[in-house]
2 protein chains.
Amino acid sequence: MTADLFLGADVGGTGLKYVVVSASGLIIIRGEVPTAPDDVGATLERLREAVSEDLSGKSAGNQVTGSTEGLGSLGHLAAVGLACAGIVDLESGSLGRSPNLPGWEGTDLTSQLHRAFGSLPVTLANDVNAALYGEFKAGAGMGCNSLVMIALGTGVGGGVLLNGQLHTGAHFGAGEIGHMVLDPRGPTCTCGGQGCLEAWAGSVGLLRSARAAASGSDSTPAFRNLVADRGSELTTRELSALADAGDMTSLDLFREVGERLGQAVGNLVNILDPDRVIIGGGVAQAGDHILKPCRQQVARQVLAETARTVPVIPAELGPHAAAVGAAWLARESRPTA
Amino acid sequence: MTADLFLGADVGGTGLKYVVVSASGLIIIRGEVPTAPDDVGATLERLREAVSEDLSGKSAGNQVTGSTEGLGSLGHLAAVGLACAGIVDLESGSLGRSPNLPGWEGTDLTSQLHRAFGSLPVTLANDVNAALYGEFKAGAGMGCNSLVMIALGTGVGGGVLLNGQLHTGAHFGAGEIGHMVLDPRGPTCTCGGQGCLEAWAGSVGLLRSARAAASGSDSTPAFRNLVADRGSELTTRELSALADAGDMTSLDLFREVGERLGQAVGNLVNILDPDRVIIGGGVAQAGDHILKPCRQQVARQVLAETARTVPVIPAELGPHAAAVGAAWLARESRPTA
């Protein structure tokens, strides 16, 4: 039996998404198991069991691409990659600060992976770095040499890839683009700071801005009604649908987010001048409502004429991007025989 | 005769500084010739003549480190590095946008260097990138792997070094740290934008802020008098001397510059997490009046605890830093036999 498949997993606060990819990068299996918030071992055990079932062709519930007949067992896995929200110390193999996985902080992830998967080589990454690597290998960043990714989720994450390699920094602290301060007198951020990109462009910040806009005297009746009706259930998707319908207050709201995102992207292009900038995460579903003002702001800010038109494009891989990237990282870091 | 010396030159708006270094990095000669603002060829001819005289031991006017006896002639040069203010296209060898050298824009620098120095290998760099490389090889960044430099001159330049290599970007537009937008409603910048770091921390911006502060009702008499007496001759050095003497308005002024610099450095550390951040240029002569509030702001902004104490330190090489770096770049890029 040849071990030529790679497992990539992405642990979030509620669920662990995973994929199995072939040596050529074909996604053979996609799945998800619940995250045990305080039990890394139990979560990885669930992962092991689910993948084992998938590979044995016994699973019915997961999306399976291609035939699983004859895939056999875990023995087909050549390496495992795990992506985690938070600061992943690639030297010690442990998880540092992780607001979404507080019960996992300080865990020795490498040891836990070895407990679950025996002697398989394991690779770790921060989740947005993994998503960026996935886009680099199989998505919006294919063929590039340098990329910046910004993930507009509940919070705002980021990643930097230079010369075809993830840039993790001297203390694994690089890529915290969500906490770029865009105005020290701006809105308060979850990090305790003020005026971070995240305070405008993460969904928490965006929904707060939406509520503030609804109480403004010049907001549209449709916008006010949506915010009042949905209360704490309001989603960025609903606001985006309203913008699609031409609602001015919604459009203004997304334009502000886009301009702030553009300020951050413009700064990044002035610092790094990458081949492309990739925007992912749920808030990015608003598409051109955000991306158009973002690109206009970038063009205003970037000094080098040659860099002014760097493409700012949506991510392509969707919710499994980090799992795909983790699998690719496992594939690339596996020592070649 | 063995060719084992390296010439590094740094062209500014009024003068061209140069050094000759030995293969081991010893600075043997330091000098300066006037820049011909509209004549690249004449400027490089002056450089060639001055270096030729220095090497022949005929020059008396320049600072010469060590003995020049027996150095002979230009035949001792193994390679030449040229640093230029502006956007240097390393592929075509030409100079792009260059506010300080408008008469040199569009010049094919490589051809001009070959005209002056024959078949010697030549290397080009942006001036702040060259200064950063000098600090990396022989100054405040020795022993590091990743560095960010910010040069607080008339304007504000920057450079990024990662994995021991200058990061110039996909379109040679990287390192424009001076145009990081720190508040889109901030003061107008020379680039036409608003709220760039340069608008606060370049000497033009700083002196403008000083004049505004002098007209404020709570400014000190000493500060008001200095600004009134010196008029358009006012220098950052004089303001710094006043701050040294404990003048509150001066101290407030530098604290604001330091906090804005800290906002920029904090953003850079959150993005790149380098080993060190080096602050150079004339305005940096204000030392701790700027660096202390800068470091405090960095500590407030940086998310990863491990990266919060990244050293933010003064440059060490002084005005010849870019020439030194250009010589080192020439030395490193010379194909080894």
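Analyst: Helices (H or I, at least four residues) and strands (E, at least two) are DSSP runs, numbered from the N terminus. This is a predicted model, where local features need pLDDT of at least 70, side-chain atom pairs count only at pLDDT 80 or more, and totals for chains, interfaces and linings use all residues. Residues are numbered from 1 along each chain as its sequence is written, while chains are lettered from A and ligands numbered from 1 in the order in which they are written.

User: At what angle do the axes of H5(A) and H8(A) cross?

Analyst: Roughly 140°, and the axes come within 11 Å. Axes are lines fitted to C-alpha atoms, for helices over the stretch in contact, and angles run from 0 to 180 degrees between N-to-C directions. H5(A) and H8(A) are therefore oblique to each other; angles under 35 degrees count as roughly parallel, over 145 as roughly antiparallel, 65 to 115 as roughly perpendicular and the rest as oblique.

User: Which residues of H5(A) and H8(A) make the contact?

Analyst: H5(A) brings A:Leu206, A:Ser209, A:Ala210 and A:Ala213, and H8(A) brings A:Thr249, A:Leu253 and A:Val257. Contact here means C-beta atoms, placed from the backbone, within 7 Å.

User: New topic: what order do the five strands of the open sheet take?

Analyst: E3-E2-E1-E4-E7 in chain A, with mixed pairing. Two strands pair if DSSP finds at least two bridges between them. Strand E3 (27-34) and strand E7 (122-126) of chain A are the edges, each pairing on one side only.

User: And in which sense do E1 and E4 of chain A pair?

Analyst: Parallel, over seven bridges. A:Gly8 stands opposite A:Gly81 in E4(A).

User: How can chain A be laid on chain B?

Analyst: By a turn of 180° and a shift of 0.0 Å along the axis, with an RMSD of 0.0 Å. That is the relation of a two-fold axis. The copies are superposed by least squares on the C-alpha atoms of residues with pLDDT of at least 70 in both.

Key: Contact = placed C-beta atoms within 7 Å.
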